[in-house]
Amino acid sequence: MNFWYFLTALTLLSASMVILSKNPIHSVLYLVFTFFCISGHYVLLNAQFLMAVNIVVYAGAIMVLFLFVIMMMDLSKNSPDSKSTLTKLAGAILGGTLLVILIAASRKVDLKDVKPIDAQTGMVEGLGQILYRDYVLPFELVSILFFVAMVGAVMLGKREAGERNF
Amino acid sequence: MNAIIALSLFGISNLFLGFLNNRKILLPATLVFILIALGLNFADWNHEYYWFNNMLKTNNLSVNFVTIILLSTFLVVAISRSFGDDDEHSHPAEYYAILLFSAVGAIMMVTFENLIMLFVGLEILSVSMYVLTGSDKRSLRSNEAALKYFLMGSFATGILLFGVALVYGATSSFDIHGIAQGVAKAKEQMGGAYGPLLYSGVILIMVGLLFKISAAPFHFWTPDVYDGAPSIFTAFMSTVVKTAGVAATYRILSISFPSVYGLWGNPLVYIVCATLIIGNITAVYQQSFKRMLAYSSISHAGYLLITVLAKRPETNSSLLFYSLAYAIATITAFAVLMVVSEAQAKNGKADESFEALNGLANNNPLLAFSLTISMLSLAGIPLTAGFFGKFFVFSDAFSNPSSLFKWILVIAILMSTVGIYYYFKPIIAAYMKKGEVAKIELSPLYKFILILTTTLTILLGLAPDLVKNIF
Amino acid sequence: MEITSTLFTAKAIYVGIIFAITLGVAAYSTYFERIIAAFMQDRVGPDRAGPFGILQPLADAVKMFMKEDFIPANSNKWLFIAGPCLSMLTALMTSAVVPFGDQLDLGDGIILDLQGIDVNIGILWVFGIVSLGVYGVLIGGWASNNKYSLIGAIRAASQNISYELAMGLSIIAILMLSGSLSTKSIVETQQNGHWNILYQPLGFVIFLVCAFAECNRTPFDLPECETELIGGYHTEYSSMKLGFYLFSEYINMFISGAVMATLYFGGYDYLFNDYVAQISWLGEYAYNVSALLGLVVLIVKALIFVFIFMWVRWTLPRFRYDQLMGLGWTGLIPLAMFNVVLTGASMLFTVNDGGSNWMTVGASWAGVIIMLVVTFAYSEMKYKKKKLATA
């Protein structure tokens, strides 16, 4: 339990560093670190498969692409802040209100119905059973989603004659 | 369900057809595909059936919604003549394929029985729309619109997903009937109060869905995106996406959360009023026809949401009728807008302002007449489908015992009269204003679609029971 | 309590030994690389430090430590230091799940697994760590504040991501055969000569090529292509920080050799495990001798792969960048998918066949033959086209 507190504190700290750090590269690296912390939480919940997949997919592939693009664009130059103080204030108030509501909601949660965790919960076998039996239809239809995204990315990314280069 | 499988396969075959170097075949093939899917859809008529471990449910209501979606898709595809022939750099096969895939997403949103299906369907529809919004790569506005839509849309989906997670936490179910039971159980345990998780969850789900149907105050993306996207995809967005979104909202709120009406009903009242007022009042000030249609779509979202609020079994049919009338009229308007704005193009940029329509009736009587009928229908003038759409919606609201609905009704009727003002602007421009629009050559299919939609609008305006009885 | 603490000590000693072996192998790989290069190019190679130059790695290490440790101005200092450290860390972490041997019986009922951790997602662990390996290069290259370093880093990132896909797909066929993600059970299904290479020749070829690419070894060493990029991502590095980068490459070679031996060559299986475990004159030690022999065999197998890495380095030229991407995306990924389908289909048809996998064997080798025929036909066609075009 103590380790859980430590990990949670680390997660929150690195997650807030993502949005607080000025340098986008640092933000990405903190985000990678956040993913590691979340993977740690998965391990604590006995979900090793999710842990590994989280690292492979998010930390290993997606964030590398993020870094890749940010490094190519060289965003380290300080761009002037485009938001007015009023916008910032409004955003802060709205976000803060949502935070307060969510914290209040989760504080009042009644946990007596929660099933205790059993050793097989996060194992690959259990996950496979659920994914390929109960949720087979959404699992298959997600392929349509990826397909659309892929076709769209290729279509939008292709350079064409007469296209303006911004 | 059959339509989902068929359309997924057809989408892929469409991409393969794109390899053929023969673009003429794409449009008819896509139309045939949609018609086949429409036919397969009716196989579920009068069968109430749960598919794949309660992931989807088909019944007559869902068949009706799917029919409206596929009909709108069919009409939109039919008027999409422009990417077939002249522009050698566009990707017609991809456009058609993505349109078919997005229809899959829309069908999932009106038949879902499990929140996972809702999420996947919504994502398929949204991702397709992000891509299609930015498909005009040479236009800066299209790029900007796509980025804006993508960023805001993904936040909205994230909020929806967060809401789903919280509702799962409160009721330990993803199944919409299971959630209803969980809500009832929780209510019993707490002596009539709602759990705080449920409260936040329902609100967040509602926010996510209302963003997609562009209800105020989640409408800020709508004008820019509708304006920036190529007109053909704007037509798709303002019909199919809106129908699917309203249907999904209606489905989840009326099946899962009827016992906690106060929880979502009270905020929704304000949202409906705000949507009606903002949509209609802002539309008055627009100079661009396309932008006006964008605001009009916001206001129609308000009318559609009244049926969600009214929460009675009969509202099914008024929701369906309104969606149908709105979809047909909007597609007609966009069909006219597309040809006219291209004919009036200045410096290679399509002119989408009201001035482009000046004197349209002189040389193009069919276009002007179709435009008039569609505008009358959108405004809700008698003898058009739109009148009966509004009539059914208002009578639903009126027959509700709650006094709140009287006030909503007052605002709605007031705003309808405001609507008449700006819907008459294009008609006045077409018939009264001085101007010259050269004779526009229309393909036989295009003419057929215009005549079909106009006839349907008038027919439904004369005899609404033709369709109303089916619904 | 007593048992656990003994086991813990034993495990710690085991981990220490593996660590030492890894570092030692990596250090002497540098020596052997130069010896092999010399042999292939008909030269003498290092022969000054000690007999046959056997102390050369030591001399290299001393040189590395003595050099000036330079950090360029305007570079991001922390990230500049973090780069090589991350490379080293990720290179060393993979060996945690590789089963270097069977079990050792330490008496008193204490059984020591010759494996760091036996998690049930073992192969995904390898995969996760490998996918993180690119961070060291990427961060170091960016933090150097040098164009060439950055380009090298970006090349490394795109190359690693592209080849990871084919690698993952080729592993899937293995997972289908063994029905488990755990490296230990993958090895156990291959005991007594049922090595996966017999069932998965195509998968092995794909995996081998991807392993070359993941280790940034020739012919995939585009990230450090001297002719174009000076030194690539480690242009600005000197002293032991450079040493870490080079060292991690050799460690990666050794570990990927061990992983390939585990996945495709039976792991610690040397065909006579059971026989050795029952030799009577060894008495109670027979089992442990068998296990230790397995450990040695696995390391030898890994070393053979290290030799292949070097052999390829000194015989093949480097790819051009578009060729590299073309091979990864249009060559290996479709092939790997084909392999998955082939394996799945053959397993489907042999499911009632009482465990014999001849169908799988046949299908897989047929797949290899088809692949070779198609490749040759394609290159022949291309060659003819080229000839036509030039004629």
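Me: Which residues touch the most other members of the largest nonpolar core?
Reply: They are Ile69(B) and Met109(B), in a core of 185 residues. Please keep in mind that this is a predicted model.

Me: Which elements of chain B have the lowest and the highest mean pLDDT?
Reply: The lowest mean, 82, belongs to helix α19 of chain B (residues 465-468), while helix α5 of chain B (residues 115-133) has the highest, 93.

Me: Why ask about low values at all?
Reply: Where pLDDT is low, the predicted coordinates should not be read in detail.

Me: New topic: the chains together. Which chains share the most contacts?
Reply: Chains A and B do, out of 2 pairs of chains in contact. Here 28 residues of chain A meet 32 residues of chain B.

Me: Which helices of chain A each supply at least two residues of that side?
Reply: They are α4 (85-107) and α6 (136-157) of chain A. The largest share comes from α6(A), with 13 residues.

Me: How many residues on that side are nonpolar, polar and charged?
Reply: The side of chain A that touches chain B has 19 nonpolar, 2 polar and 7 charged residues.

Me: How many residues does the contact between chains A and C take?
Reply: It takes 16 residues from chain A and 17 residues from chain C. On the chain A side, helix α3 of chain A (residues 48-73) provides the largest share, 13 residues. By class, this side of chain A holds 14 nonpolar and 2 polar residues, with no charged ones.

Me: How far apart are the nearest C-alpha atoms of chain B and chain C?
Reply: They are 18 Å apart, and chain B and chain C do not touch.

Me: Now chain A by itself. How many helices and strands does it have?
Reply: Chain A has 6 helices and 0 strands. Buried residues make up 20% of its 166 residues.

Me: Into which domains is chain A divided?
Reply: There is domain 1 (1-75) and domain 2 (123-158) of chain A. The C-alpha centres of domain 1 of chain A and domain 2 of chain A lie 23 Å apart.

Me: Which residues does UniProt list as "transmembrane region" in chain A?
Reply: The unreviewed UniProt entry lists residues 27-45, 52-73, 85-105 and 135-156 of chain A.

Me: How far apart are the end C-alpha atoms of residues 27-45 of chain A?
Reply: They lie 27 Å apart, and the span is 95% helix and 0% strand. For residues 135-156 of chain A, the end C-alpha atoms are 32 Å apart, and that span is 95% helix and 0% strand.

Methods. Residues numbered from 1 in each chain as written. Chains lettered and ligands numbered in written order. Predicted model: local features only at pLDDT ≥ 70, side-chain atom pairs only at ≥ 80, totals over all residues. Contact = placed C-beta atoms within 7 Å. Helix = DSSP H or I, 4+ residues; strand = E, 2+ residues; numbered from the N terminus. Nonpolar A, V, L, I, M, F, W, Y, C, P; charged D, E, K, R; others polar. Domains from an automatic or database assignment. Buried ≥ 20, exposed ≤ 12 C-beta atoms within 10 Å, placed from the backbone. UniProt positions renumbered as here; feature names shortened; annotations may be inferred. pLDDT = per-residue confidence, 0-100. Core = buried A, V, L, I, M, F, W, Y, C linked by C-beta atoms within 7 Å.
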